[in-house]
Amino acid sequence: MKRVDVVIAGGAAIGSSAAYFLASNPDFHGSVLVVEKDFSYEKCATTLSAASIRHQFSTPGNIQMSQFGTEFIKHIGEHLAVNGEAPDVGFHEKGYLFLATPAGQSILESNHRVQRSLGADVSLLTPAQLQTRYPWLNTEDLSAGSLGLSGEGWLDAYGLMHGFRRKAISLGVQYQQAQVVGVKRQGRKVQSVALSDGSSIECAVLINAAGTGAHALAHNAGIDLPVQSRKRCVFHFTSSAQVSNCPMVIDPSGAYFRPEGKGFICGISPPAEQDPECVDFDVQHSLFDDVLWPLLAARVPGFEAVRLQNAWAGHYDMNTFDCNVILGAHPELDNLLFANGFSGHGMQQSPAVGRALSELVAYGAYRSLDLRAFGWNRVLENKPLLEINVV
Ligand SMILES: Cc1cc2nc3c(=O)[nH]c(=O)nc-3n(C[C@H](O)[C@H](O)[C@H](O)COP(=O)(O)OP(=O)(O)OC[C@H]3O[C@@H](n4cnc5c(N)ncnc54)[C@H](O)[C@@H]3O)c2cc1C
């Protein structure tokens, strides 16, 4: 049986980031194999994401992970260049703008305090200030907005993932196209994984970076991971409206929109009771016609006239317990590291989570950011670490 030190199941943003950080960690000298079931990456969340990064979370660790993500992305050439060629992830540092009606103002303000305490460059704006800065915005029902002045924006998520992967390979990481279909466990240890091609691989550590496939992989190891696949549709439209200097706008309704190329993308999460586990990729067009477009046109009158250009569906790996990543080992299993349940904010967390996983493997503990709050204990003790700002 082939043997490697670390098997990473899933080679998209999280798996490839972990592979890169492991291979570049001077204190780690082992071998790394990334097992990825689909090298086209067509259906993974990373490729289908809205690819945006923000510091405006309610959970301190999420803010810190994204702050590291921004720094990493801004200096990506220093980290991921191969043969002098740096990946171009096209970072647009245009900010997030969270809007609040009077009902949501106190939450916006309390999140703002947490963000500021961690050094996030965010500013609270009054409706008048919003109107001056964004003349195209309807502020009638608003009482405040929170704008990221720096560090937030959007990028090419596929480019980031590909950059991690290319650099990891240049550092000796191997990639194999196959699905992890079985996990052989003895007591507190994973001994080997079984692959869809019939082979088995012995490993000292297994990392679960399987996105929406994480639940099945955990189940194979005898662990019940509270992560489910939840469909999210993204719509790309153009408009002749003059919407200059537009950030990623988060409407009080939960709808979001931001510029993309010559147009905009938008989306909205359905209410919890209409958000079943779902694995198909069918676009729910009525969501745009019946829900999103009216909301957008109410917020930006110029969006009365839009032309839908394209739409796609992807899946959040939703942590149904508290909408935050579950990171690290389960107390009953020493060498299976989880990085699952990102609930819509995993692309931006991929640098911080990849680094964290490499530290857990190399040192058995976090060395840079202390992310213990995201561990399994809170799940098992039923103490949710609830993220309020889930988009
Ligand atoms: C519509 C949408 C919008 C989003 N917008 C944002 C955003 O703006 N900002 C943000 O930060 N995040 C966003 N996200 C979330 C983000 O995309 C994900 O959290 C992140 O990409 C997760 O990365 P991952 O590598 O864990 O999972 P994925 O990208 O899903 O990759 C998992 C990989 O594992 C592979 N795999 C699965 N099972 C197995 C197995 N058993 N064996 C081998 N391989 C396996 C899959 O083929 C896949 O390539 C969005 C997601 C969606 C769907």
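Me: Leaving aside neighbours within four places in sequence, which residues is histidine 55 in contact with?
Reply: In this predicted model, histidine 55 is in contact with Ile63, Ser66, Gln67, Thr70, Gln115, Ala120, Ser150, Gly151 and Glu152. Histidine 55 itself sits in the loop between strand 3 (52-53) and helix 3 (60-74).

Me: Why is histidine 55 called buried?
Reply: The word applies under 20% relative accessible area. Histidine 55 has 6%, so it is called buried.

Me: What makes the pairing of the side chains of histidine 55 and threonine 70 a polar contact?
Reply: A polar contact needs a pair of N or O atoms within 3.5 Å. The side chains of histidine 55 and threonine 70 are joined at 2.8 Å, so the distance meets the cut-off. The side chain of histidine 55 also reaches the backbone oxygen of glycine 151, at 3.3 Å.

Me: Why are helix 3 and helix 10 called roughly perpendicular to each other?
Reply: Angles of 65 to 115 degrees count as roughly perpendicular. Helix 3 and helix 10 (residues 346-363) pack at about 95°, their axes being 7 Å apart. The angle falls in that range, and the two helices are therefore roughly perpendicular. On the side of helix 3, the contact is made by Asn62, Met65, Ser66, Phe68, Gly69 and Phe72. Helix 10 supplies Gln348, Gln349, Pro351, Ala352, Val353 and Arg355. Sorted by class, these are six nonpolar, five polar and one charged residues.

Me: What makes helix 1 and helix 10 oblique to each other?
Reply: Angles under 35 degrees count as roughly parallel, over 145 as roughly antiparallel, and 65 to 115 as roughly perpendicular, with the rest oblique. Helix 1 (residues 13-23) packs against helix 10 at about 40°, with 7 Å between the axes. That angle belongs to the rest, and the pair is therefore oblique. The crossing of helix 1 and helix 10 is right-handed.

Me: Which residues make the contact of helix 1 with helix 10?
Reply: Helix 1 contributes Ala13, Ile14, Ser17, Ala18, Phe21 and Leu22. Helix 10 contributes Gly346, Ser350, Pro351, Val353, Gly354, Arg355, Leu357, Ser358 and Val361. By class, the contact has nine nonpolar, five polar and one charged residues.

Me: How many residues of helix 1 are buried?
Reply: The number is 10 of 11, and helix 1 is mostly covered. Among the buried ones are Gly15, Ser16, Ala19 and Tyr20.

Me: Why is valine 283 called partly exposed?
Reply: The relative accessible area of valine 283 is 22%, so the residue is partly exposed. Valine 283 is in the loop between strand 15 (263-267) and helix 9 (285-299). Not counting residues up to four places away in sequence, valine 283 touches Cys233, Phe235, Ala311, Trp312 and Ala313. The C-alpha atoms of valine 283 and arginine 232 are separated by 8.6 Å, and the two residues are 51 residues apart along the chain.

Me: Is tyrosine 41 buried or exposed?
Reply: Tyrosine 41 has a relative accessible area of 3%. The limit for buried is under 20%, so tyrosine 41 is buried. Tyrosine 41 is in the loop between strand 2 (32-36) and helix 2 (45-48), and its phi is near 60°, a positive value in a residue other than glycine.

Me: Where does cysteine 323 lie?
Reply: Cysteine 323 lies in the loop between strand 16 (307-319) and strand 17 (326-330). Its phi is positive, about 60°, although cysteine 323 is not a glycine.

Note on methods:
Residues numbered from 1 in each chain as written. Predicted model: local features only at pLDDT ≥ 70, side-chain atom pairs only at ≥ 80, totals over all residues. Heavy atoms only, no water. Axes fitted to C-alpha atoms, helices over the stretch in contact; angles between N-to-C directions. Helix = DSSP H or I, 4+ residues; strand = E, 2+ residues; numbered from the N terminus. Left-handed = near helix turned anticlockwise from the far one by under 90°. Contact = heavy atoms within 4.5 Å. Nonpolar A, V, L, I, M, F, W, Y, C, P; charged D, E, K, R; others polar. Buried < 20%, exposed > 50% of the residue type's maximum accessible area, 1.4 Å probe, protein only. Polar contact = N/O pair within 3.5 Å; in protein donor to acceptor, adjacent residues only side chain to side chain.
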